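Me: Please take a close look at one part of this model for me: the salt bridges and what surrounds them. Keep it brisk.

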Amino acid sequence: MKTVYELKPGFQRLLRPFVSLLAGAGITANQITVAAGLASTMLGAWLAVEHRGWILLPIFLFARMALNAMDGILAREYGQESRLGAVLNELLDVVSDATLTLPFATLPGWNPLAVGAAIFFAALTEMAGVMGLTIGSTRRYDGPFGKSDRALALGILGSWLALGWPVSDLGKQIAPLLWMALCGATIVQRIRRALG
């Protein structure tokens with residue numbers, strides 16, 4: 001199944017001139033990683049409290065995708081790869097995903113437990129990806145619902161709310177369940193590929 005992640009090489013080619021400027025200015029991959037994590041946390045906290053400004057979610061998710069691609073290029077192509085960088089990248093990605101999904105648990109009619117379970121499944125999905133490294137395989141990014149795909153889903157939901165379109169009670173129940181089902185399929189796929 002095609003995933004958003006497969007667009008990454010082309011996206012990285014477009015970003016290389018900006019990465020070169022960042023490297024020339026002395027900006028490091030770890031600085032970008034931490035900045036993206038902090039910005040994600042602040043936006044998630046604000047949306048959870050204010051329940052407005054939802055258009056910022058898809059805009060920020062696109063910017064965050066660009067920042068994630070740029071920190072990877074800086075690390076690999078500018079000699080900045082480090083164990084600390086790997087830890088920050090994996091940990092802050094999970095934290096960012098959680099804080100940007102959490103606001104939906106605070107909206108009227110959304111089940112906080114279901115949203116929390118969706119966040120948990122997203123974290124398990126990334127854990128399944130990292131597990132490949134622990135068994136001598138590679139870091140797995142297989143779909144159908146990897147980080148980029150989840151960001152697209154959140155961006156669509158944020159745009160929907162920004163436009164003021166209603167979400168039915170059934171939709172509020174189905175969305176977290178569908179999210180968990182797609183995460184489950186991704187977990188299975190990643191483990192199978194890692195073992196294979």
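Reply: Start with a contrast on the outside. Ile59 has a relative accessibility of 53%, so this residue counts as exposed, the cut-off being over 50%. Ile59 sits in helix H3. Together with Trp46, Ile55 and Leu56, Ile59 makes a nonpolar surface patch of about 360 Å². Bear in mind that this is a predicted model.

Now the charged pairs. The whole structure holds 12 salt bridges. One of them joins the side chains of Arg64 and Asp97, at 3.0 Å from N to O. Arg64 belongs to helix H3 and Asp97 to helix H4 (residues 83-101). The two are 33 residues apart, so this pair links distant parts of the chain. Both Arg64 and Asp97 are buried.

Next, Asp93 and Lys147. Their salt bridge brings the closest N and O atoms to 2.6 Å. Asp93 is in helix H4 and Lys147 is in helix H6, so the bridge ties together parts that are 54 residues apart in sequence. Asp93 counts as buried because its relative accessibility is 8%, under the 20% limit. Lys147 is at 23%, so Lys147 counts as partly exposed.

Asp97 and Arg150 are both buried. Shared partners join the bridges into one network: Arg64, Glu90, Asp93, Asp97, Glu126, Arg139, Lys147, Arg150 and Arg190.

The side chains of Asp142 and Arg193 make a polar contact at 3.1 Å. Asp142 is found in the loop between H5 and H6. Its relative accessible area is 12%, so Asp142 is buried.

The largest nonpolar core has 21 residues, and Leu57, Leu100, Phe104 and Trp179 touch the most other members. Helices H2 (29-50), H3 (56-77), H5 (112-134), H6 (147-162) and H7 (169-195) each give two or more residues to this core. H5 gives the most, with four. Take Leu57. Beyond neighbours within four places in sequence, Leu57 contacts Leu43, Leu47, Leu100, Phe104, Leu154 and Gly158. Apart from this core lies another, of 11 residues, including Leu15, Ala69, Met70 and Leu74.

Terms used: Residues numbered from 1 in each chain as written. Predicted model: local features only at pLDDT ≥ 70, side-chain atom pairs only at ≥ 80, totals over all residues. Heavy atoms only, no water. Core = buried A, V, L, I, M, F, W, Y, C linked by side-chain atoms within 4.5 Å. Buried < 20%, exposed > 50% of the residue type's maximum accessible area, 1.4 Å probe, protein only. Contact = heavy atoms within 4.5 Å. Polar contact = N/O pair within 3.5 Å; in protein donor to acceptor, adjacent residues only side chain to side chain. Patch = residues over 30% accessible without salt bridge, like charges linked within 9 Å, V, L, I, M, F, W, Y side chains within 5 Å. Areas by Shrake-Rupley, 256 points an atom, 1.4 Å probe, with all protein chains shown as cover. Salt bridge = Lys/Arg side-chain N within 4 Å of Asp/Glu carboxyl O.
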